[in-house]
Amino acid sequence: QLKTVWRNIQMIFQDPYSSLNPRMTLEQIVAEPLHNYKVVDSNKQRDRVAELLEIVGLRPEYMSRYPHAFSGGQRQRIGVARALALNPQMIVCDEPVSALDVSVQAQVLNLLQELRDRLDLTYLFISHDLSVVRHLCDRVMVMYVGKIVEVGSTEDLFDDPLHPYSEALLSSAPTPDPRAKLNHKPLMGEVPDPSNPPSGCYFHPRCRFAKDRCKVEEPQLREVKPNHWASCHFAEEIEF
């Protein structure tokens, strides 16, 4: 049963250098999902690999090369081609551009956007880079110590955050304008140990809005505004 699930959910890994087998050629890497699931006849696998490489902007003539012959951006394109091999419904993108140079990041992000629209894909995009999240994502989920603290559309969450942690994250992001007025309120304290989290709301030791209730009662994720959820007892009352 899980094999059917895995076919429809593929993954692009964070590190393009360690996520490719150095002893396999480009053709072998991209064809491996096709071989495992037997979705393409063996005599047609090479044609399918060539098609996938062209989709991600690589030349089919590279098929016989090994990963060490490619740059970081090209390796990540190979990872994208491998993820697309089975025509998945969803792709998990685990920090897919964090290990790349900024100029290469833009190329890979544009490729992901193009493929999303062209192939009707859904991405679960995991990232610490708020500018990338805002550029690529339709909906955003913010997590703190393994718990969801806010969920909403990208526009709602970036323009009107409801949870104090979301607000702190957004205010800490640098603004590329030297004339912009900074309103950053740095968080005090440290992120708690997930194996021994605080009682009540996990964020209360670092929250300037915390009250006695926050120390003993864990907030539930609830719809504070239409299609905008937050796990904060006082989300309606807080003004940032």
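User: Does R134 count as buried, exposed or partly exposed?

Analyst: R134 counts as partly exposed, since its relative accessibility is 44%; in general, buried means under 20% relative accessible area, exposed means over 50%, and partly exposed lies in between (1.4 Å probe, protein chains only). This is a predicted model, in which local features need pLDDT of at least 70 and side-chain atom pairs count only at pLDDT 80 or more, while totals for chains, interfaces and linings use all residues. Residues are numbered from 1 along each chain as its sequence is written, and side-chain values use heavy atoms, with hydrogens and water left out.

User: Which residue forms a salt bridge with R134?

Analyst: A salt bridge is a side-chain nitrogen of Lys or Arg within 4 Å of a carboxyl oxygen of Asp or Glu. Here the partner of R134 is D159, with the closest N and O atoms 3.0 Å apart. D159 lies in helix α7 (residues 154-159) and R134 in helix α6 (residues 130-136), so the pair ties together parts 25 residues apart in sequence; helices are DSSP runs (H or I, at least four residues), numbered from the N terminus. D159, at 49% relative accessibility, is partly exposed.

User: How many salt bridges does the structure hold?

Analyst: The structure holds twelve, including one between the side chains of E27 and R46, at 2.6 Å from N to O. That pair links distant parts of the chain, with E27 in helix α2 and R46 in helix α3 (residues 45-55), 19 residues apart. E27 counts as partly exposed at 24% relative accessibility, and R46 counts as partly exposed at 46%.

User: By how much of a helical turn are R48 and E51 separated?

Analyst: R48 and E51 are three residues apart in helix α3, which means about one helical turn separates them. They form a salt bridge whose closest N and O atoms are 3.3 Å apart; R48 is buried, with a relative accessible area of 13%, whereas E51 is partly exposed at 41%.

Technical notes:
Helices (H or I, at least four residues) and strands (E, at least two) are DSSP runs, numbered from the N terminus.
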